[in-house]
Amino acid sequence: MTLDVHVLGTASARPTPERAVSGSLVKGPDGIAVVDCGEGFQTRYALQRRRLKRHSVGETLKPSAVDVLAFTHGHLDHTWGALPWLQSMDLENRQQPLLVIGPTSAEAMDALLNDEPLPEGIPPADLTRQWMAWYELGGDMIQFPIRWVLGDVNADRWMEINPDTGAAALLDGMPQPSGWNNSTLRPVPTEHSVPSCGWMVQQHAMAGKFDRARAEEMQLTTKQRAMVARGENITDVNGETIAASWFRGGERAAVSVLISGDTAATPEAWEASIAPTLLIHEATYLQQQQEKAEEHMHSTATGAVTSAHAVGATYLALTHYSNRIKDASMSVGEAKAAAEGVAVVALNDNDRLVVDDDGGLTHLVWEREGWAPKSIPPNR
Ligand SMILES: [Zn+2]
């Protein structure tokens with residue numbers, strides 16, 4: 001098992017010929033989580049799927065494996081591709097359930113739960129208002145089962161909306177994508193100009209690696225080896241017990257990927273205990289535009305590093321560049337100068353980041369005729 005991230009858009013608000021707007025996916029042990037879905041996402045997804053078929057034989061990105069579409073916030077560069085994609089899935093006769101989830105404001109939640117009209121002050125970029133518009137545009141006609149869930153992330157309060165009536169029901173807690181047993185989806189509060197959160201996909205801790213060398217040394221038969229590998233103790237010819245636990249290293253740590261969405265650097269809720277293996281963080285600006293970053297509640301590359309330090313990330317990947325940044329090497333240069341104990345990479349469209357079960361990271365860079373691994377120099 002691994003966590004395989006496909007980055008399908010690295011531009012901030014305005015796309016460029018080389019960079020599309022936001023939208024990434026994490027393929028984990030249970031299925032695919034799509035995080036954000038800007039303009040044209042479905043085309044990018046289909047293209048990536050085709051690339052994978054051609055260049056990574058045996059790996060797939062079946063749309064039916066997408067279990068959740070999670071939004072970090074309601075700005076259009078993160079949402080505009082969602083409704084068309086849902087409608088395409090419907091036309092393709094999708095049957096699998098889908099969780100569509102995102103953050104909203106306490107005010108919007110209260111209004112919906114009390115069956116009242118949304119207060120005037122709720123901006124169009126609040127997902128509640130946006131979803132209501134989608135329902136009117138045909139979102140309520142989609143045939144496959146969708147759970148529409150919005151939450152006040154800071155208060156951990158969640159509601160499910162009925163797209164036919166617009167009525168909402170309070171939930172016991174945040175629902176997980178259907179069928180997820182080996183991984184967990186978790187919101188992490190961020191700080192942006194509208195209700196927002198990052199999303200973390202965490203693969204559960206796994207048993208340690210099987211120690212083949214030891215099994216060989218002890219001259220176990222194939223059958224005995226299979227038994228201890230399954231966790232069964234066996235008895236040797238002298239009647240002595242050979243414990244299965246001798247052949248397993250300690251439990252491997254849970255590995256995880258956190259995608260920030262848009263945020264000011266070092267959100268207050270970010271603490272070292274969150275400790276994602278990989279943090280994918282926005283880096284809209286360079287250091288010289290620090291003021292702009294603060295004004296618009298975005299981050300600089302250096303700010304992304306302070307976020308990574310605060311949240312205890314092992315690896316940091318930069319994305320969401322302003323179109324003034326022509327070459328992400330500038331961003332990664334600034335970030336590396338500030339990073340301590342965090343390895344930093346810069347993302348471009350169609351890159352992949354693969355987190356293995358031992359917490360190692362491979363950065364695969366798309367190069368027209370396939371993905372090439374790019375070395376990740378460790379940071380001081
Ligand atoms: Zn954005």
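Start in the largest nonpolar core of this predicted model, which has 58 residues. Select Ile101, Leu278 and Leu318, the members that touch the most others in that core.

Now keep Leu278 and show its surroundings. Leaving aside residues up to four places away in sequence, leucine 278 touches Val5, Ser256, Val257, Leu258, Tyr315, Ala317, Leu353, Val355 and Leu361. Several of these names will come back at later stops.

Before moving on, colour the other core. This set lies apart from the largest one and has 37 residues, including Leu25, Val34, Ala168 and Leu364.

**Next stop: strand β13**

Select residues 255–259. How many of the five residues of β13 are buried? Five of the five are buried, and the strand is mostly covered.

Bring in the neighbours of β13. Strand β10 (residues 197–203) runs antiparallel to β13 and is joined to it by five bridges; look for glutamine 202 opposite serine 256. Strand β14 (residues 278–282) pairs with β13 in the parallel sense over three bridges. Here leucine 278 turns up again, standing opposite valine 257.

**Next stop: the open sheet**

Show the 11 strands in the order β8-β7-β6-β5-β4-β3-β2-β1-β17-β18-β19, which form an open sheet with mixed pairing. Its edges are β8 (168–170) and β19 (371–374), each pairing on one side only. From one strand to the next, the twist averages 25°.

Zoom in on β1 (residues 3–7). Four bridges pair this strand with β2 (residues 24–27) in the antiparallel sense, and valine 5 has valine 26 as its bridge partner in β2. β1 also pairs with β17 in the antiparallel sense over four bridges, with histidine 6 opposite arginine 352.

Step across to β17 (residues 352–355). Both of its faces are covered: Arg352 and Val354 on one side, Leu353 and Val355 on the other, all buried. On to strand β18 (residues 361–366), which runs antiparallel to β17 and is joined to it by four bridges. Arginine 352 stands opposite leucine 364 there. The two strands form a hairpin with five residues between them, and glycine 359 in the turn has a positive phi of about 85°.

**Last stop: the zinc ion**

Select the zinc ion with Asp77, His78, Asp262 and His320. These residues coordinate the ion through OD, NE2, OD and NE2, in that order, at 2.1 to 2.4 Å. The site is irregular, with angles of 91 to 153° among its four donor atoms. Why is it irregular rather than tetrahedral? Four donors count as tetrahedral only if all angles lie between 85 and 135 degrees, and here the range reaches 153°.

Along the chain, the donors follow the spacing D-H-x183-D-x57-H. Histidine 78 lies in helix α2 (residues 76–79) and histidine 320 in the loop between β15 (315–319) and α10 (328–338), so the pair ties together parts that are 242 residues apart in sequence. Are these histidines buried or exposed? Histidine 78 is buried at 1% relative accessibility, and histidine 320 is buried at 4%.

Technical notes: Residues numbered from 1 in each chain as written. Predicted model: local features only at pLDDT ≥ 70, side-chain atom pairs only at ≥ 80, totals over all residues. Heavy atoms only, no water. Donors = N, O, S within 2.8 Å, 3.2 Å for Na, K, Ca; no water. Tetrahedral: all angles 85-135°; square planar, octahedral: opposite > 155°, others 65-115°. Buried < 20%, exposed > 50% of the residue type's maximum accessible area, 1.4 Å probe, protein only. Pairing = 2+ DSSP bridges. Axes fitted to C-alpha atoms, helices over the stretch in contact; angles between N-to-C directions. Core = buried A, V, L, I, M, F, W, Y, C linked by side-chain atoms within 4.5 Å. Contact = heavy atoms within 4.5 Å.
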